[in-house]
Amino acid sequence: METQLDPMKDDLPLMANTSHMLVKHYILDLDVDFKSKVIEGIIVLFFETGSQYRRSSSTGKGGCQSEFDETCKMRASEPCHASVTNVSACSSKTEYNDFAACGKGEEDTSDKNGNHSNKEQASGIPSSKNCYDVENHGNKDFLLVLDCCDLSVLKVEEVDVAAVSGIEKFTRSAKVTHVSKDLENLRNQIVHELVTLPADRWKEQLHYFTCCSQAPGCGELLFTAGTWSLEIRKSGIQTPADFPHAIRIWYKTKPEGRSVTWTMDQSGRPCVYTMGSPINNRALFPCQEPPVALSTWQASVRTAAGFVVLMSGENSAEPVQLREGILTWYYYVTMPMPAATFTIAVGCWQEVKQPSVTASIQTNTEFSLPPSQADFRCNEEVCGHVEYPCRFQNPAARLQAVIPYRVFAPWCLMERCEERLLQLIPQCLSAAYTTLGTHPFSRLDVLIVPSNFSSLGMASPHIIFLSQSVLPGGSHLCGTRLCHEIAHAWFGLAIGARDWTEEWLSEGFATFLEDIFWARAQQLSHDEVKGQQELKALLRWRRLRDEVQNSEEELQVLRPKKESTGELTESGASVVKYGLKAEKTFMQVHYLKGYFLLRSLARIIGEASYLTSLRKFVHKFHGQLVLSQDFLCMLLEDAPQQKQSGLTVESIFQNWLDTSGIPKPLLEEGETWKECHLVQQVSGEVTKWIQTNQRIRKSSKKKRKQDEVVFQKVRHRWCELVVKHKYVPGYGDVETFLREDQAMGVYLYGELMVNEDVKQQELAHKCFAAARERMDASSAKVVAEMLF
């Protein structure tokens, strides 16, 4: 499989053969060991046969479309859809027992360097190269291919789901009676019945998934692991339909695994969290990474008492003591989502308690649902996604302006979170609800992650990671970043990109919506909103201009695959173009060009009509995967007059998405922001501070110290000034910033090096040497290229 894809050096392969078999549900049963920096345990996967390979006699509900045939090309006029995400309307706790920890203590038979070889002693089979011929698969053993990296796989076996007590209710169903008495077929049909239960039986479904995960094994499966994949086969099984549809895998993560980060929190306590890195979760558990592989999951995580486990889960898990000193945490999700959205964080987090209920905010008329949206909801159509307990169909959820939320942080940051964060969350949630309506997810946890976190924030189902860098100073940075991550609940999670390369569908929308959310959260007047948005547009324009002048052209294209976007190989595998380029992680082009495209469309159509179209898009496509043309076609259908002016999907592709550099329509807008009153006011302030800075350099040391305090409230800007003016007494502040604010500090290394000042370069090397071991791998690579 890997040799067939032959990915380029900086492209990320998605190896899973999702067209053959599709994971519908994961059950994870894990132990977190901070001494060895290893997560160890079992994962059980439940499959459906890919639609191309199902038996002709197979019946059941249509699951997620897992491949797209040649007749459904990605033409702008004929969008092709597949299903994706949303959340359960219920969050009641289940009280099932913890998963059986079978197989513990078995000898690790993998080689000392891990499972990244084809040596016989490192895998269950000598080699996978000749096991399965895609063109003539009837003559070879079928290979199940999972995305896997930096894992030690110890054992793989088939699960005997037919041995589960009470499973007879499935075997007696009409759909199963005609199946051959062959036990393997019976097991697969039981799994099919289980994964296709209707949404109103989700509790029963979770219960039987749990029971099946504890069922005995019925034969080991052969496996081998490559750099990016885990290949599994059963001797003599030649088709996906006959392959076991419930398998159990024993595995261990590795301390250096790229999906998880082992570090210390700001209070000096050990912790581990998922990075949302370019390789997503394949170094956390074997999975299917292509977006079309939409699945639900359950997870039971054990760790030492004193640690808190947070996760992408619909329930607010409470710890249960398993034995003295060991707690177990259980989470579940009933909304099918890509495996890449699964998130976990384990640490000595403290919950920041809120002083009072936010009912006054929830009922405030300022945040009531606009009449146009309320009217739209009355005529709401049936959801277009696969069946699951959808909040958009739940009347109570549709009226919930503020979903339940919690805040977690290291103890040393609790006071700051209480002062800054707690009061902002309900305001931002309400503003988002006012704009887009029903919250796709039933609850929210917000976690302040360690200082080595490489961005200001990251959104996952039910949980947001925030950098500590957003907490100092005023509420603006914290509020706007919070609004950005909340926007991802709709754009990026509830509506996902069908091709990972179309990041603008997530980041462009979140950047555009953060302004609208934040303005409504502040309850600004129309003129204040306009001024603030024009100022932000100017600042973003300058960032975009600088970025396109100092980055590779190929990384500036929002649709790098262009007309091939969304296409898969016959097996369902694909490649994320430039997915492994470390420098791309720190580029903002997909944020900024996406934002300016959406802003341009809003100006052309009119903001009120545009927001109505956004709400329509959310209602039509929530729970689904989309491509750019899905949004653009719907938008232009709502504004047919724009076609007369030449605004078409093809012209938007040409001007905005398929080319590098500054889009031509944006070049024409560059001077208009200078006329904004707020922009002029800020320009005057900049001039004043330049003059103040000149006075500082001439004033007494005492005066200089007083002005330092003023500047230091804006820490990043203060450090930039220190570097620019080679202000040696401020170098200690730069060192502290690079240690504590790694989410914002990468570019500061470049500024230290570009001046070619010996002391500043020594400072850069000193800071990097101290922080490198705990830095995010992509950050470390980019900084190393600056320094060496």
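A salt bridge is counted where a side-chain nitrogen of Lys or Arg lies within 4 Å of a carboxyl oxygen of Asp or Glu. In this predicted model, R187 and E158 meet that condition, with their closest N and O atoms 3.5 Å apart.

D160 is buried, as is R187.

Another salt bridge joins R540 to E514, whose closest N and O atoms are 3.2 Å apart. Because R540 lies in helix 13 (residues 526–549) and E514 in helix 12 (residues 504–522), the pair ties together parts that are 26 residues apart in sequence. R540 is buried, with a relative accessible area of 5%. E514 is buried too, its relative accessible area being 10%. A search of the whole structure finds 32 salt bridges.

The loop between helix 12 and helix 13 contains Q523. Q523 is partly exposed, with a relative accessible area of 42%. Along the chain Q523 and Q427 are 96 residues apart, while their C-alpha atoms are separated by 9.6 Å.

The remaining part of this account concerns a sheet. Four strands form an open sheet with antiparallel pairing, in the order 11-12-17-14. Strand 11 (260–264) and strand 14 (308–311) stand at the edges; each has a single partner strand, so one side of each is left without a neighbour in the sheet. From one strand to the next, the twist averages 15 degrees. Strand 11 pairs with strand 12 (residues 270–274) in the antiparallel sense, over five bridges. Within this part of the sheet, V260 stands opposite T274 in strand 12.

Methods. Residues are numbered from 1 along each chain as its sequence is written. This is a predicted model: local features need pLDDT of at least 70, side-chain atom pairs count only at pLDDT 80 or more; totals for chains, interfaces and linings use all residues. Side-chain values use heavy atoms; hydrogens and water are left out. Buried means under 20% relative accessible area, exposed over 50%, partly exposed in between (1.4 Å probe, protein chains only). Helices (H or I, at least four residues) and strands (E, at least two) are DSSP runs, numbered from the N terminus. Two strands pair if DSSP finds at least two bridges between them. Axes are lines fitted to C-alpha atoms, for helices over the stretch in contact, and angles run from 0 to 180 degrees between N-to-C directions.
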